[in-house]
Amino acid sequence: MNNHLTDEERLACIEGRTSKSTAQHLEQCADCAAEIESWRRSIQRLEHLEWPARTPRRAAAPTPLLKWALAASIVLCVGFGLGRFTGPNAAEIKADLARDLETKLAGALAQKQSGATDLTPILAALAELRQQQSANYVSLRKDLETLAATADARIQLTTRRLTELAANTEFSRDPIN
Amino acid sequence: MWRVQSSGDAEAFARLVQRWQDPIHRLCVRMTGDAARAEDLTQEIFTKVFTRSKHFRPDSKVSTWLWRIALNHCYDELRRTKRRSESALDEDSDFPSVELAPDAQTASDEECALVRASLLRLPEISRTVLALRYCEGLKLREISEILELPESTIHSRIAVALGQITRILEPQLRDHDASRPKHFPQAVL
């Protein structure tokens, strides 16, 4: 038999959409029938395939939810830090992020108070991250101010030295006057 | 999802994670073959989901959106891994031979190990359609929405992928069965 079934026809047959011509072909072609059987076996193996189960990496982790909340909040903190000192609308971005975080905390707290599912660890983590975020902001600002002050002092020193050097050069060119 | 999207609702996000972390982790394992790496990938995917929640369109399905983010993240990871190990790859061989995992003890374990290894040797798109169709049990229409391809194309891709994995698996399983002793000697008491 020359014209064997195409891959699509074989799959259609497996999925129960066998056309009349395919059925006729299969009655006469042992190769195609065998191929379809081997595909069926592959499908069964895939459907019953077992994979290693999820294993918590750190036994000390309080809850899986906390891990996700921490991950999401770290991204917020990094975004806040970068946004604060890069884009032209740093102040707006900061305000947006702060509002987002506050809304999230307020919503979660309100639900907690109304007797919803216990998400204390997540809320605590968010509050902690909020504090951490503020501390980071203050620390970063202090560092920047120190850097600015140091740079300013160095600029003044360099300017003074340049002025002195210019004066000395002028004097050495015209020692008589 | 709209609660996460509109107000960054922590509880809603926690519920989303609870509902989807296992399916997303399973997909990551099937795509990468590494359970520990899949754990990291799952975490990264949910971080992406959280940060991109404002881009979610309310007229689309959450599941479709999640699967798409997860798959794209897996593809990125596979490309990074491939770049790292490119020099070590055998360019001449499309389907290098399968090594059984050392923990494969029983016949069933060995067969599972062979199927897992065979799946990992398929091209990304073949692995994707087989994982979504037969491991996760998604319908053609759902896979078509996730991959943004016509259903007819998905049907063809699945057919090609089934042909590929069968061509890898069948000879290996035959050899494997042939090498297995048919009759075990009876224990002498």
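B:Arg80 counts as partly exposed, at a relative accessibility of 31%, where buried means under 20% relative accessible area, exposed means over 50%, and partly exposed lies in between, with a 1.4 Å probe and protein chains only. This is a predicted model, in which local features need pLDDT of at least 70 and side-chain atom pairs count only at pLDDT 80 or more, whereas totals for chains, interfaces and linings use all residues. Residues are numbered from 1 along each chain as its sequence is written, chains are lettered from A and ligands numbered from 1 in the order in which they are written, and side-chain values use heavy atoms, with hydrogens and water left out.

The partner of B:Arg80 in a salt bridge is B:Glu77, with the closest N and O atoms 3.1 Å apart; the term requires a side-chain nitrogen of Lys or Arg within 4 Å of a carboxyl oxygen of Asp or Glu. The two residues are three apart in helix α4 of chain B, so about one helical turn separates them; helices (H or I, at least four residues) and strands (E, at least two) are DSSP runs, numbered from the N terminus. B:Glu77 also meets the side chain of B:Arg37 in a salt bridge, at 2.7 Å from N to O. That pair links distant parts of the chain, since B:Glu77 belongs to helix α4 of chain B and B:Arg37 to helix α3 of chain B, 40 residues apart. B:Glu77 is buried at 4% relative accessible area, while B:Arg37 is partly exposed at 22%. These residues belong to a network of salt bridges that links B:Arg37, B:Asp40, B:Glu44, B:Glu77 and B:Arg80.

## Salt bridges elsewhere

Over all chains, a search of the whole structure finds 20 salt bridges. Side chains of opposite charge can pair when their charged atoms come close. In chain A, one of the bridges joins the side chains of A:Arg10 and A:Asp7 at 3.7 Å, N to O. Both residues lie in helix α1 of chain A, three residues apart, or about one turn of the helix. Their accessibilities fall in separate classes, A:Arg10 being buried at 12% and A:Asp7 partly exposed at 26%.

## The interface of chains A and B

Contact, meaning heavy atoms within 4.5 Å, involves 39 residues of chain A and 50 residues of chain B. The area buried between the two chains is about 4100 Å², of which carbon and sulfur atoms give 64%; buried area is the accessible area (1.4 Å probe) that two parts lose on being put together, summed over both.

Five salt bridges are found across this interface, including the one in which the side chains of A:Arg45 and B:Glu111 meet at 3.2 Å, N to O. On the side of chain A that touches chain B, the elements giving two or more residues are α1 (7–14), α3 (30–47), α4 (64–85), α5 (90–113) and α6 (120–173) of chain A. The residues of that side divide into 20 nonpolar, six polar and 13 charged, where Ala, Val, Leu, Ile, Met, Phe, Trp, Tyr, Cys and Pro count as nonpolar, Asp, Glu, Lys and Arg as charged, and the others, Gly among them, as polar.

## Aromatic pairs

The count of aromatic pairs over all chains comes to three; rings of Phe, Tyr and Trp (its six-membered ring) pair if their centres lie within 6.5 Å, and planes under 30 degrees apart count as stacked, over 60 as edge-to-face and the rest as tilted. B:Phe13 and B:Phe50 form an edge-to-face pair, because their ring centres are 4.8 Å apart and their planes stand at 70 degrees. This pair links distant parts of the chain, with B:Phe13 in helix α2 (residues 10–32) of chain B and B:Phe50 in helix α3 (residues 35–51) of chain B, 37 residues apart. Both B:Phe13 and B:Phe50 are buried.

B:Trp20 and B:Trp67 are likewise paired edge-to-face, at 5.7 Å centre to centre and with 85 degrees between the planes. B:Trp20 lies in helix α2 of chain B and B:Trp67 in helix α4 (residues 62–85) of chain B, so the pair ties together parts that are 47 residues apart in sequence. B:Trp20 counts as buried at 10% relative accessibility, and B:Trp67 is buried at 4%.

## Helix α7 of chain B

Helix α7 (residues 140–147) of chain B is largely enclosed by the rest of the structure, because six of its eight residues are buried. The buried residues are B:Leu140, B:Glu142, B:Ile143, B:Ser144, B:Ile146 and B:Leu147. Just after this helix, B:Glu148 takes a positive phi of about 55 degrees.
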